[in-house]
Structure formats: structure tokens, C-alpha cells
Amino acid sequence: MSAARLEVRGLTKRFGGLVAVRDIGFSIQPGEILGLIGPNGSGKSTVMKLIMGIERPNAGSVRLNGAEIAGWPTHRIARAGIGIVFQHSRPLHRQTVLEHIKLALLPDSLLRLAADPAVEGKARAIASRVGLETVLGRHPGTLAFADLRRLELAKAIAREPSVVLVDEPFAGLTPSEVASFSELIRGFRAEGKAVLLVDHNVKSVAALVDRALAMYLGERIAEGTAETVMRDEQVRRVYLGGSIEAAARVSTGTDAASPLLAVEGVSVLYGKAQALDNVSITVREREFVSVVGLNGAGKTTLFNAVSGLVPYRGTIRFAERTLAGTSAAAIARAGIVQCPETRELFGEMSVAENLELGGAHLTNAARTEQLAWLLDLFPILAERARQNAATLSGGEQQMLAIARALMMRPRLLILDEPTLGLAPVILEQLSKALARLHTTTEITVLLGEQNVTFALPHADRIYVLEHARIIWEGPPARFAAEAGAQYL
Amino acid sequence: MEGVQILVDGFAISALYALGAVGFTLLFGVSGVLNLAHGGTLVVAAMIAWLVATGLHLGTATGALAGVLAGLAFAFATYAAVVRPIQRSRAIPREETEIFILTGTLLWGIMCQTALAYIFTTNPITVPALIGGVVPILGVRTPRNEILIALACWAVIGALWLLINRTRTGKTLLAASINPRGLTLLGFELSRVHLLVWAIYGVLAGFAGVLLATFLGASSDAVGPLTASAFSIVVLGGLGSVGGSLVAAYIVGYLETLTAYLVAPTLRSIPPLIILILVVYLRPQGLLGRR
Amino acid sequence: MALPRFRLLQVSVLIVVIAALLPLWLSAYILGVLTTAYYFGVFAMSWDLLFGFAGEVNFGPTFLIGLGAYTAALIDNLLGWPIPFCVAAAALAALVGGLLLALPALRLRGPYFGLVTLVAVLLLQNVIVIFAHFTGGEIGMTVPDVLSVDAGTNYWIALAVLTISAVLLFGYSRSPLGLILQAAGQDPVEASSLGFNVAKHKLAAFSVSAVFSGVAGAMLIFYLGSASVDVVVDLAIAVQIIIAAVLGGRRTILGGVIGGVFLIAAGQVLLPLGQLSTFVVSAIALLVILFFPDGLLGHALRRSEQE
């Protein structure tokens, strides 16, 4: 191997007792694009921050053109030749696009009170290169989302770095914008820069990367070409939960004319990013519906819109009542209870107190009865009743979160990504509990999952969400044939 | 002899400081608001108690009740007129809400101070003691009222502890301070939780104001210094930590009493300031702070 | 883009010329009020450089002002140096104070740094009271030298200090350094990823803010003929400075002048109300914060931007 432009060896980072990154190593040659992929919480973003010096590694080395830069302050690393494109930016409100690019070209000196006249020309050249030449005089507040991303790109390459790190290059972009951004990134490769793309999944960057490295729970699980990584057994297990199989099951959904939940043409914007684009789904009484999609596809946004936690356009009706104008808490009391991806437990309160709060709106008798039923469904919670929620294991926390949501006696239970970061043994327990829930109660469930193996067996119907849109709908039996192949 | 005197006086003063600070820290813990009109709440309660007790000759007990109610009313006014409009304003960027609430409540406190000075003049007032007489404690003649104040402070703090840890309403407050979003998902309206915590804050500050007026006295000029001392105690103990505030109140109370007796009364406020700076530099989350 | 900036220059020059001619018509009393207001304007601009650009909330601008003022007063009293040397010493003392404040600012965030600045003021106030033998304690100390006994001259000096400070501070804020500082204040991680040493730029801002505060503080006491805690150190003054800057408009620098003059002038106009004048001024400031959070100048700028 010739001398690598960027060489990372044995990189390790601990936050308290948690190992976020363990012994990660890779190298990128000049003119090469490496994709660093992994689901939420896999440690990929931490790796990027460690390279940039935003976090300090506990161990390991980062070499730029052979020189050790691990542990340097960020501004020195930037000047040594590494540029970073952040996913979320906070541009200055009173400055124009041109001024933002000029900022990135300024020397870090306290004595240069006036900018070099050449800066203006250089800034304009960079602007034309990334496609901002028509909006030079505008303020960031008036820019379209893609142009804000272009501005980030422009700033990152202003100092002509030899290594470019890009965080989620295509998040929130339309297909044509994705194409033009890909072209820009290929341009970096042509110039001989080393590029690191960090993303949730291989699929979105597969066409662009020369090699990919997959991470899970802080460790490397696969490396190679995009195809090899996509076909890798362990990667498929992480994303899909193993091979896709649909259990034949009797649909329990009633065929009532009007659905329990009707989401019609709902769109959500985060700032300027389109997080949900004209999405319609229905859930009938006693039905189990799964929405599957990779991280970042828009599942959480959809559920938050239903729960009244984010503003949206379109209509959402529950039991034939429109939910617009109802507060999130009132929606929860009306019977739509969400158990979020982040669990949102009361960490410094005991398991019993968490459950108690879930049942606060019930009568005393109903609460006792519901609690007894739930402790039967999740026996481990009875053993842990006096323990603080924060001290539970990940799987136990997930069970507590589900049990706490069920304490509210929901008509519709929304489960967002319950398998996130859990070990296979726990998944099995969770799966059994869901099956029991489904067969022994009248509950209606809307499940959001990346893990298809977990989502399929329970479901009466499946929706596939990709890039903020519903792209497929059907029974689980048809999923493997029609949607499974292109899923990852 | 002097040692016992310091122990006794320090205990009473610290208890009062603790009561003055717990409401402030509870409000921050549950709703994230640092109320810089805090001194105003205390003095309003003190002044109304004085007005009703001596101005209207209705006795100290009635005055005390009126004072607590005045503290409650002023707390609600602060929330409705200053804090909620800022929290709901669309023109104020989210990341700047904090500085706006600080500036807004500061201005509100100044308005309160000048209004009080206009109505009641800047002369210090003292509400007559609830009970008279002195009791010797280990040879130190201690006013019964001082003992009553210390006991009353601890009774109120104890009641607060029971409320938070033993009632369902209190657990809601605790949950809101840990994870407000989790509480929303369980069907609790955060706006109601906030209203509740402002009510508890008003009652606690009202009590502290009334007791202050019967012990050390109060004047409109005390609005600023009272806010500053509550803020210091709360930061020393750890923002949002009720237990931390109690410990810090005793550290500050005893340090001040010690300095006043052993060095000079004019220097009493300096050692706590130095301790505060050291803590903020070395342990910014405060003595018992979580974050 | 060039047009509004050109207009800003024209308007500013016009305002300075009119302000310079005011002694021809106004009484010595009103000139005195404006003289104080102008020094206030410098305080508010210095504060805005830290808050609006470096992103640091300093609740104790009077720590820096008081350091400068008392250094100048002590040197004038004890050593009898001429005024310019006293002012230079004031600038130096404030600079040291500014660097002392900057150290925690680089480590602490949010309310904690604000608290340090608050405590710094209280400590300074206590030190002044403890060393009452030198400083006159709560009563204050007179200075043997004054700038001038003529109201007009004092007014012109204050106007000159204000104009020079405004040009330098505004120039700093609009220069490449101001741009970097603003980026560092808004998002330190991103600014350092662009290769900027955030700590260096923040230290520079603290130094500049401190020097202007100290100089204006010293000039103010040589105008008044005395230094006292109530005028240059008290937290109430610190609050007024912050209000002046927020009222005028955060991140505008020049807004501080408008806010300072408005605050002092309003206080004087409302003087017949006696004690209630502070009440009315605070109420107006509160209403502006609630309904025009961008401040007077900020609101005007935003409207012209939208046009």
C-alpha cells in the first residue's frame, strides 16, 4: 500500500463507562472515498469528531500524510488540511452567502483587519463550483435547504483541505439534489482529496464510495466494497435482523368502514429539510401495522406528527376526530400512546414510580389491575420494582418503556424502534411479549422498525418508508418478493 | 459562650436562607426558569404582612397569611406577565430564551422594587414577633421567635419534601424535572405542571418573606441583595438540586455568622462569595448538582 | 447591499455633526445629562461586543468599568499623575480584569459564566468598602483633577470619546475579525473546524471590551469629579447597561448608543415622577423586550433588510 492520506489506527473513545468507539482503524488514499456506516448510536459520528479533534480519543492514532494529529485542537487539525461538512449548521443571520464563504477564507490572525482583496474572487469561484452563484447576496434565512447544505460544503472546502469529512451527505435532499451533490463529491475524488462519508446505511452512499466500513455498537463489523458490505451476514443481521421471513398469520383487523387512525397527505418540514413528504397511512381497529424503513427515513417524524409533537401539513384523524389543534398530552389521554425510540424514562425514579406515573389517569382499582397484568407480561419488572430506571439494562429499559405506555391503556400503541441497540436474546423476549399482547388483548399497534425480521412476523400490514415517502404497502407475505430486495 | 451563640444564630439564619432558596431552585429544576425577581416576591410578601399586621391592626397571624397569599399572587403575576410571554414569543430565538427571561425578570424585579419604595418608602419594616420572650439555650438567651422561625422553616421544607416524595402530584413535579417530554407522552399537560410549580414557589417564597420580616426585617432595597443571595446559594448547591440548596444555605449562613462574630459584621458577605467563585471554577455543577 | 451601508455612514456623520452643535442651543443641565448618557453609550457598546458577537453573557459590565474608574481615581489621588496617564492606567487595569473574566468564560457555559461575572462585581464592591480608608468606601472618593468646569467642553469630550469608540468598536465588529468572532460566538465547534482559534478571538474581544469600558469609566469620574460605588460599580448600573444594549438592539454595537441615550434621557424626562421614574423606564424596557426583542435599531435594520 502506498502512503495513505489519512490513516486511523486503534481509535478508542469512552464516555464514562460507555465505550462509544473501540479499536477502529482504516486508511484513505488520495482520490478515494470511504463510507463509514452504522445505525444510530453505532459510534460513527464519534469517529468523525475524533478525527476532527472535537472529541479527544482515549487511545489510538490519527495520521494525516504520516503526521500524528490525534489530540490536537480542532483549529490546528483544520489548518493541517482536514475539512468537515456538518449535517446541522447554524449560519449567521445577518451575513450574506458571499460573506459566509469569505469567512471561511480568512486567515486566523488578530492583526489582519482588512481582508485580502483576492478573497472576494476566490469566494466567488468556490460559490460557482458548489452552485451558489445565483444566491450570493442572500441571507441564509431565505435559502432553500439544499443551498444551505451547499453553503456548508463551500465553507468546508474553502481552505482546500486534503481530507474532507461529510456527515450524512444526502439527508433531506431530493433525488435530483442528491445527484448534483454526488457529482460534487466525485469532484473531490478527482482532485485527489481523501473523502470520508458518514451515513446511516450503505444504500444511500453505495454508488459513490470506493470502500465502506460498517460499525455497530462502537466496533467494526465489516469492511470492503459497498456490495460486500451490503451482503455481509453481520450487517444484514444488524439492519434486518437476519433473513427475511414472513409468518403466515390471520389478520385480526376488523373491516370496519372507517379506520381508527387515518393519516392523510401529511408533510413535515424541519427548518427547511423535508422530513415527511405527503404521507398517507391508515390503521384499523385491532390491527397490527408495521412501518419499516432505514434510520432517517422519517418513521420517528411520522409518529411525532401523530402524537402532536411536531407541526405538520395535512390531516390526521383518530376515531373520526381530527387531531389538529389538540395538545400532545391530550392526544395521549385520548388513547394514542407513543413509546418513543429514546424511551424517555424518568431515569432517577424507580421502576414502580415510572409505572405509577403511566397509570396516573386511571382509577385506583384500574391501575392496580393494569399493573398486575403488566408485571405478568414483563416479570423482570417486578424484580426490579425498587431500582432506578437509569440502572436497568437496555432491554429492561425498553420493556419498562413499553409497560409504562401500556399503563395508560392505549387504544393505539405506537412503538418506535423498540429493538434499537438490543441484544438478540432480548429481541426474542420482546417479540414474545408483543405476540402475547397481540393475541390476548384488543390493542391496536403501529410499529416502526428498521429491523424487518422483528417487524414482519407480528404485522397484519406493512408500509415501507424511504426518503420521507411511503414507497410500498402490502401484506407481510408479499414483502420479501416485492420490497425486500431493494430494502437495504 | 460565643460559640453557642454562633451555633444558635447561624442555625436560624441558615434555615431562613434555605427556605428562601428551595422555591427558587425548585422552580429552576422543574421549569428551567431562573427568576431574578425572586427578591421581589419575598419583599412583597413581607410588606403585605407588615401592612395587614401593623397598618390594619389585624395581628401577626392574619398578616402572615396575607403575606403568603401576596407572595403567591406576585409569583403568578411574574409568570403571566413576563415569563410565559417570553417562552411563547416567536420573535425570540429558542437559544436566547434564557437570557431574555433573565433580563425580563430582572426588569420586573426592579419595577417591583421601585413600586414598593414608592408605596412603602425605603425604610426597613419589621413585623412584630409571633411570640415574645426569651429562652436560655446552653446559657445563651435566645428569643422564642428565633426558635419558632427555625422550626417553621424546617416544617415548611419538610412539608415540601413530603409533597415531592410521597404524593402523586409531587412525583409529577419530580418527573418534569427529569424528563418533561416523557411526561407529555404520558398525557400530562406541561403548562399545568408549570402553573403548579409557580404556585408552590409563590407559597414558599411568601413564607420566607413573612418570616424574614419578623426576624431580620425587610425593605424595598433588599430586593436585589435577596435575589443575589438566593442565586448564590442555589448555584453553590447545584442548580435544580433541592438538597444541594439546603446544604449550601447552611454553609453560607454559618460562614456569614462566623465572619460577623469573629472578624467584622461588615465583611460577612465576602467568604461566601469566595467559596462560590472557587466552586464555580472547580465544580461548575455545584456541590450536589447532577449536570 | 452597498446602499444601506452608505446611507448608514451618511446618517451617522449627520448625527455626529448635529450632536456637536447642540451646545449652541442647549442648557448646561441638559448637556450634563447627555454627557453621562454618552459614556453610558460606550459601556453598552462594549457589552454588546461581548454578548452580541463573542456570545458571552456578562452580567457584570461594571466590574470592568469600576476597575478602570477606581484605578484612575486612586492614582490621581495618591500619585497625582496627569489625567491622560490615569486613564491609560485605568485601561490597563480593566484589561487585566477582562483577561481574568475571560479565563472562566472559556471553560464555563450559560448561567455559570453569568454568575462569575455577577460575583466579580459583588467582590469588587466589597473590596472597595473594606479599603474605605483609600477608596472612601460607600460614600465614594473625590478626584483632585477634573476634565473641565465648562459644560460644553465636557460635552464635546464625551462626544469625542463616544464617536471614537463607536467608530473603532463598530469597525471591529464589521471587520473580518468581527466576522470570525461572531462565528466563534454562535458555534465554537464549527468556527474551530474552519481553522479559527476560538479562544484567541474571544480573549481579544474580552480585552477590547475591557479597555473601552475602563477608559470610559475613568473619563466618567473625571467628568463627575468623584468616583462612587453607586455610579460605577453597583449592580443596578450593570443592569442599566445591559438594558441599554438590549433596548438598542443586540449585535448592532451602535444600538447601545441609542439605548444608552434613551435610558438616561427618559430617566431625566420622567424625573418629575420622582421614584416612579425608574419604574416607568423599566416597564418601557420590559415592553420593548417582550414585543420588539430585536431592539430599536435591530428592528429597524431587520425591516430594511426585508424590503
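How many residues of chain C are in contact with residues of chain B? Let's answer that together, friends. 30 residues of chain C are in contact with 34 residues of chain B, where contact means that the C-beta atoms of two residues, placed from the backbone, lie within 7 Å.

Before going on, two notes on the model. It is predicted, so local features need pLDDT of at least 70 and side-chain atom pairs count only at pLDDT 80 or more, while totals for chains, interfaces and linings use all residues. Residues are numbered from 1 along each chain as its sequence is written, and chains are lettered from A and ligands numbered from 1 in the order in which they are written.

Back to the side of chain C that touches chain B. Helices α5 (111-130), α12 (235-248) and α14 (276-291) of chain C each supply at least two of its residues, and α5(C) gives the largest share, 10 residues. (Helices are DSSP runs of H or I with at least four residues, strands are E runs of at least two, and both are numbered from the N terminus.) By type, this side has 25 nonpolar residues, 5 polar and no charged. Here Ala, Val, Leu, Ile, Met, Phe, Trp, Tyr, Cys and Pro count as nonpolar, Asp, Glu, Lys and Arg as charged, and the others, Gly among them, as polar.

Now picture chain C as a whole. It has 15 helices and 2 strands, and its C-alpha atoms fill a box of roughly 50 × 45 × 35 Å along the principal axes. Of its 307 residues, 57% count as buried, that is, with 20 or more other C-beta atoms within 10 Å of their own; 12 or fewer would be exposed, and in between is partly exposed, with C-beta atoms placed from the backbone. Among contacts in chain C between residues at least 6 apart in sequence, 77% join residues at least 24 apart.

Over to chain B for one residue. Glu98(B) is found in helix α4 (residues 97-120). Is Glu98(B) buried or partly exposed? Glu98(B) counts as partly exposed because it has 17 C-beta neighbours inside 10 Å.

Finally, chain A. Its domain assignment gives domain 1 (6-240) and domain 2 (261-484), with bounds from an automatic or database assignment. The C-alpha centres of these two domains lie 34 Å apart. Their contact takes 13 residues from domain 1 and 12 residues from domain 2. On the domain 1 side, α5 (145-157) and α9 (233-240) of chain A are the elements that give two or more residues.
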